[in-house]
Amino acid sequence: MASRTVAKDIITLRGSAAIVSEFFGYAANSILYNRGVYPEESFAKVKKYGLPMLLTQDEEWLEAGKLQRVVMVIMSKATKEVLERWNFSIETDSDVVEKGVSREKSDREIMREIQAIMRQIASSITYLPCLDEPCVFDVLAYTDTDVPVPFTWIESDPKLIANPQMVKLHSFDTKIHKVDTLVSYKNDEWDEQ
Amino acid sequence: MDRFIPNRSAMDFDYAHYMLTDGRKIKENQTVCSPAREAYRKQLAETLNMNRTRILAFKNKPPAPVELFPSEHSTASAHPTKSAKPRRHIPQSSERTLDAPDLVDDFYLNLLDWGSSNVLAIALGNTVYLWDASDSSTSELVTVDDENGPVTSVGWAPDGRHIAIGLNNSEVQLWDSASNRQLRTLRGCHRSRVGSMAWNNHILTTGGMDGQIVNNDVRIRSHVVETYRGHQQEVCGLKWSASGQQLASGGNDNVVHIWDRSMASSNSPTQWLHRLEEHTSAVKALAWCPFQSNLLATGGGGGDRTIKFWNTHTGACLNSVDTGSQVCSLLWSKNERELLSSHGFTQNQLTLWKYPSMVKMAELTGHTSRALYMAQSPDGCTVASAAGDETLRFWNVFGVPEVAKTAPKVNREPFSQLNRIR
């Protein structure tokens, strides 16, 4: 997986940022694939131009401790209504960012936690409503206000869902960054209220 | 499936807030949020809990090359329509961004100028492009040879039609942009590149890497009418006062000189009026205050980082403000008592200050390398900035262009009285 320090149990800020950023890449790919958001042709384009750029920026923000959460929003292509919202909240150990210390946690442990989340994402199709219209996605980053806005990002509204159903998935923790996953989706049948 | 186990860190706080504050209204009316409510909700969320947070959206399409030869739409238009604001709203992101490939990333040059005919001139490498702001069209004025270039400065004459182009080889070309013809070349006034220029009616003042400042009368054959000597290093900032009486110059020697035309009759005509040595780094940013005569603002480079204010009549320093980063350029607002500065490392931002309190009104970010060049539109509303990140950005920082257009009409229609008599 990501690059590690030689002593496998030591996690540095940079290593942790790499792990988390890589996780976002996998999660994004998995969500898009499982939810069938993109037809083949556009997906290749997105993969080539979109995701790598997104991940580099994330890693930068993670190392600075300035990234609060990453949100992947799935919207109806026609109406732009938000149908699904994958929210990854990040808690950063500020001690590590400020003082540059490192932490200890076994690689395998972290991998296990991430794999559990990936399995949950994959099996989410069992309860998430079908997306039977063409959809597009957007990625939002919640950052600290003192972060300068890079050229490829613009300010945005949170793109919330009105009256969502929420499902909390497992989280993983590198001991430097803790990532929680929550998916909210638009209610399928109004009768359920 | 852990559906209902509450977990604080996983809670969708902004949704929760939204429900608490506005949820009731939503149930009565389940249609899409109106822009007004959207703005209100956003404002509320910001006030209540999100002061520390900025939400950014990633442009997930492949980054479309927004060219100098532009397409229909601007890139920064993804916000929901902003509802009417009572005060002037300063947009936090650039109104428009154009590609500026090969823009030379050199602090000492002056590669951007906005003429009175509303045409923006920008020098990219060896070529000078003209961008007409009224119809967003681009044209190429001239490309100089490799041995003469790159272009090191551009300066529109007051008529907005003639334009001077300073070159690396120390020459200055004079062009007529209406007919796209070169009128003349000024040679022999400098020994090295001409990085700064300023017009005063028919006088074109040029500043060189040789430290010399030359007043050229562009109408006559023997164009050098005066030489100001005083700078020991490259002259990177040059600005005439509004009255045309005084010239401010800034150099790489950290010195600011004030030259006064009325001193030409005295014994030493090329002697400066004031020599201001307070800055501790190169001074390129110079701006004369439009609403207070004899007031000059100067900005220092990376080792100085201050903006200083001077009474050019007495030479006294009135105020000094530490901005925290290299000051590349300064512009005064024509509409309000405000000053705009552009900066380098680390934020590369444009900062808007209230004058004279020097309270920060806005910080405009977007550039990913130092915002070296700035120019102001003739209507005083828009500022263009260019940086080594090869982008040219437009900011409606001084006002919204429409407002300027609705100035009350002075001329009434002829025969209006006749209509009423009927």
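Visitor: How far apart in helix α3 of chain A are A:Lys99 and A:Asp95?

Guide: They sit four residues apart in α3, which covers residues 94-99, so about one helical turn separates them. Keep in mind that this is a predicted model.

Visitor: OK, and what do A:Lys99 and A:Asp95 form with each other?

Guide: A salt bridge: the closest N and O atoms of A:Lys99 and A:Asp95 are 3.2 Å apart.

Visitor: Why would side chains pair up like that?

Guide: Side chains of opposite charge can do so when their charged atoms come close.

Visitor: Is A:Lys99 buried or exposed?

Guide: A:Lys99 is exposed, because its relative accessibility is 59% and the cut-off for exposed is over 50%. A:Asp95 has 33%, so it counts as partly exposed.

Visitor: How many salt bridges does the structure hold?

Guide: Over all chains, 18. Another one in chain A joins A:Lys178 to A:Asp180, with the closest N and O atoms 3.4 Å apart.

Visitor: And how accessible are A:Lys178 and A:Asp180?

Guide: A:Lys178 is partly exposed, at 24% relative accessible area. A:Asp180 is buried, at 2%.

Visitor: Let's hop to chain B. Which residue does B:Arg187 form a salt bridge with?

Guide: B:Glu171, and the closest N and O atoms are 3.0 Å apart.

Visitor: Are B:Arg187 and B:Glu171 buried or exposed?

Guide: B:Arg187 counts as exposed at 52% relative accessibility. B:Glu171, at 19%, counts as buried, because the limit for buried is under 20%.

Visitor: Which residues are linked in a network of salt bridges?

Guide: B:Asp106, B:Arg193 and B:Glu234 are linked that way.

Visitor: New topic, helices. At what angle do α1 and α4 of chain A pack?

Guide: About 20 degrees, with their axes 10 Å apart. Helix α1 is residues 13-34 and α4 is residues 107-122. That angle makes α1(A) roughly parallel to α4(A). The crossing is right-handed.

Visitor: Which residues meet there?

Guide: From α1(A), the residues include A:Ile19, A:Phe23, A:Tyr26 and A:Ile31. Those they meet in α4(A) include A:Ile110, A:Ile114, A:Met118 and A:Ile121.

Visitor: Now the strands. In what order do β11, β12, β13 and β14 of chain B form their sheet?

Guide: The order is β11-β12-β13-β14, in an open sheet with antiparallel pairing. β11 and β14 stand at the edges with a single partner strand each, so one side of each has no neighbour in the sheet. On average, neighbouring strands here are turned by 20 degrees against each other, ignoring direction.

Visitor: How many bridges join β13 to β14 in chain B?

Guide: Four, and the two strands run antiparallel. Within that pair, B:Ile213 stands opposite B:Tyr228 in β14(B).

Visitor: What about β7, β8, β9 and β10 of chain B, what do they form?

Guide: Those four strands form an open sheet in the order β7-β8-β9-β10, and the pairing is antiparallel. Its edge strands are β7 (151-156) and β10, each pairing on one side only.

Visitor: Over how many bridges do β7(B) and β8(B) pair?

Guide: Five, in the antiparallel sense.

Notes. Residues are numbered from 1 along each chain as its sequence is written. Chains are lettered from A and ligands numbered from 1 in the order in which they are written. This is a predicted model: local features need pLDDT of at least 70, side-chain atom pairs count only at pLDDT 80 or more; totals for chains, interfaces and linings use all residues. Side-chain values use heavy atoms; hydrogens and water are left out. A salt bridge is a side-chain nitrogen of Lys or Arg within 4 Å of a carboxyl oxygen of Asp or Glu. Buried means under 20% relative accessible area, exposed over 50%, partly exposed in between (1.4 Å probe, protein chains only). Two strands pair if DSSP finds at least two bridges between them. Axes are lines fitted to C-alpha atoms, for helices over the stretch in contact, and angles run from 0 to 180 degrees between N-to-C directions. Angles under 35 degrees count as roughly parallel, over 145 as roughly antiparallel, 65 to 115 as roughly perpendicular and the rest as oblique. A crossing is left-handed if the near helix is turned anticlockwise from the far one by less than a right angle, and right-handed if clockwise. Contact means heavy atoms within 4.5 Å.
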